[in-house]
Amino acid sequence: MDGKVHLMQLPREVLLGENLTGEVVNVARRVGLKGKALVLYGPRTGKIAGKDVEKALKSVYDVSSLTVRKGATMEEVERAISAIRDESISWVMAVGGGSIIDVAKLASFKTGIPFISFPTTASNDGIASANASIRDLGSKTSVKAVPPVAVIADVKIIKTAPYRYLAAGVGDTISNLTAVKDWQLAHRIKGEYYSEYASSLSLMSAKMVMRNADIIRLGNEESVRKVIKALISTGVAMSIAGSSRPASGAEHLFSHALDMLLQKPALHGEQVGVGTIIMAYLHGLRWERVRETLKRVGAPTNAYDLGIDPDVIIEALTIAHTIRPERYTILGKDGLTREAAEKAAKITGVI
């Protein structure tokens, strides 16, 4: 394709409601899925919803299942690819959190078959996006895949996940504020392609969770609906942009740096939220508002909340620019010095 052609791939259906396990067959039929299905779930998400989804599909489809045990790793992606090839699978249903969906996303992309996303948590925007975060690709950075053909979000099931995941979803959404700023910067300085439409949709999602912080903190069905809508809109914004730019800037590089440095990092959305406070300060935005929203929804706002040593926070800030050198952000080409990193983290109360 030449530079004038811009391909946008979006989910064809998004179903948001309660008691949707029985709807999986109808959705699969409406988006035209035929042949044998593979249902992917984790040990826990299998119990929560995966087995029920599998049972519902078996009333109409020939179905196999695979339990993802090690999270979003290339080993699990290869296992899924082998199952798809060995069993002549035509489409995939992913039931779980971000890592299960990421495994399904990349495996279905590499085998050229469609997949449906059935999230059990609202902790990150991967539920509807085309990007997959795979842990052992050097550092946990995102790789391009395809978005799901449909998203089935059952608020009752998502509500049963620990509240911490919902708060992390707010962190991942609020990061759109600094991601868009970084994208505008790359557009001005590097002449990078920029979509005002994708940016507007992304910013609207971030502002929506900020406005609804008091509803979200209740942790009820309405809270889940607000966060899920924002996460799905963000995924769509990335599909429109043709990259993760509207939702991933320096704050995500900071989180990826933490993933590299730590054996047991915090949740992606939690780290990204704290990263957003610092990057908002560097951009000259009202970082206090970001911190206030995260506080109100009970998401981490500092190293102590994350359970991460302040020295590791500073180191992550100084190496973040090396994670994706091709992605220009507020961190610039040379990154932050140790002094600058420490100053930013102290002023914003992160350390």
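This is a predicted model: local features need pLDDT of at least 70, side-chain atom pairs count only at pLDDT 80 or more; totals for chains, interfaces and linings use all residues.
**Ground rules.** I kept local features only at pLDDT of at least 70 and side-chain atom pairs only at pLDDT 80 or more, while totals for chains, interfaces and linings use all residues. Residues are numbered from 1 along each chain as its sequence is written, and side-chain values use heavy atoms, with hydrogens and water left out.

**Helices 11 and 15.** I looked up helix 11 (residues 250-261) against helix 15 (residues 310-319) and found that their axes come within 8 Å and cross at roughly 120°. That makes helix 11 oblique to helix 15 (roughly parallel is under 35 degrees, roughly antiparallel over 145, roughly perpendicular 65 to 115, and oblique the rest). From helix 11, Phe254, Ala257, Leu258 and Leu261 meet a set in helix 15 that includes Val312, Ile313 and Glu315 (contact means heavy atoms within 4.5 Å). I sorted the residues of this contact into nine nonpolar, no polar and one charged.

**Cores.** Next I checked the largest nonpolar core, which has 81 residues (buried Ala, Val, Leu, Ile, Met, Phe, Trp, Tyr and Cys joined through side-chain atoms within 4.5 Å). Ile313 and Leu317 are among those with the most contacts inside it, and so is Val92. Beyond four places in sequence, Val92 is in contact with residues including Leu38, Ile84 and Phe115.

**Ser175.** I found Ser175 in the loop between helix 6 (163-174) and helix 7 (176-190). Buried or exposed, I wondered about Ser175? Ser175 counts as buried, at 0% relative accessibility (buried is under 20% relative accessible area, exposed over 50%, partly exposed in between, with a 1.4 Å probe and protein chains only). Leaving aside neighbours within four places in sequence, Ser175 is in contact with Ala247, Glu251, His252, Val272 and Thr276.

Terms used. Axes are lines fitted to C-alpha atoms, for helices over the stretch in contact, and angles run from 0 to 180 degrees between N-to-C directions. Helices (H or I, at least four residues) and strands (E, at least two) are DSSP runs, numbered from the N terminus. Ala, Val, Leu, Ile, Met, Phe, Trp, Tyr, Cys and Pro count as nonpolar, Asp, Glu, Lys and Arg as charged, and the others, Gly among them, as polar.
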